[in-house]
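Please examine the sequence and the structure shown below.

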Amino acid sequence: QHPNGSSHGISLNYAHYYSSSTSPDKAIVAKVDGYCYVAFSGTEATNLDDWLQNIDPRSEQICNNDGGCCDAREGFVRAYDAPFKDTLEAEVASCAASCYDREECVVLTGHSQGGAIANIAAVAFSKYHPYVITFGQPGAVHKPCPYIVSKRYYRFIN
């Protein structure tokens, strides 16, 4: 056992899970070893609302707090705009404020639809210069988008 009480040497400061009975979307915010991780869930195979978000090809803007916007797929913007969005955003702001360097501590991730939502969140959280790590993520934010920084963006294609 590690001195911090963890059996794996990981220091989990806290984790908060977000879901809603009116939306298929879910997320978790966790502070681990000084980093703020935000993970978005992927598509639930049997959930029609999730699939409708996935296949919606229309375009909508996602904006950050400074008024900078990028065009993105509307279904994924709608998924990011889940009923718990304001609480999640406040949680990320609080977590980032507790970091030694708030521009080096936010990590956004997800698989499939969750990766697309993480990409959308990268625009919304651009003031934190987040790292974005996605797995099997469909295209979500249309180019050009100056808030998606390539040196902090890792997209794994499966």
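In this predicted model, Q53 belongs to helix α1, which comprises residues 48-55. The relative accessible area of Q53 is 7%, and Q53 therefore counts as buried, since buried means under 20%.

The backbone deserves attention next. Most residues other than glycine have a negative phi, and most peptide bonds are trans. Against this background, D33 may be considered: its phi is near 50 degrees, a positive value, although D33 is not a glycine. D33 is located in the loop between β2 (23-32) and β3 (35-40). With a relative accessible area of 43%, D33 is partly exposed, because that term covers values between 20% and 50%.

H129 likewise is a residue other than glycine with a positive phi, here of about 50 degrees. The position of H129 is in the loop between α4 (113-124) and β7. Is H129 buried, partly exposed or exposed? Its relative accessibility is 34%, so H129 is classed as partly exposed.

The bond that joins K143 and P144 is cis, with an omega of about -10 degrees. Of these two residues, P144 may be located in the loop between β7 (131-135) and β8 (153-156).

Key
Residues are numbered from 1 along each chain as its sequence is written. This is a predicted model: local features need pLDDT of at least 70, side-chain atom pairs count only at pLDDT 80 or more; totals for chains, interfaces and linings use all residues. Side-chain values use heavy atoms; hydrogens and water are left out. Helices (H or I, at least four residues) and strands (E, at least two) are DSSP runs, numbered from the N terminus. Buried means under 20% relative accessible area, exposed over 50%, partly exposed in between (1.4 Å probe, protein chains only).
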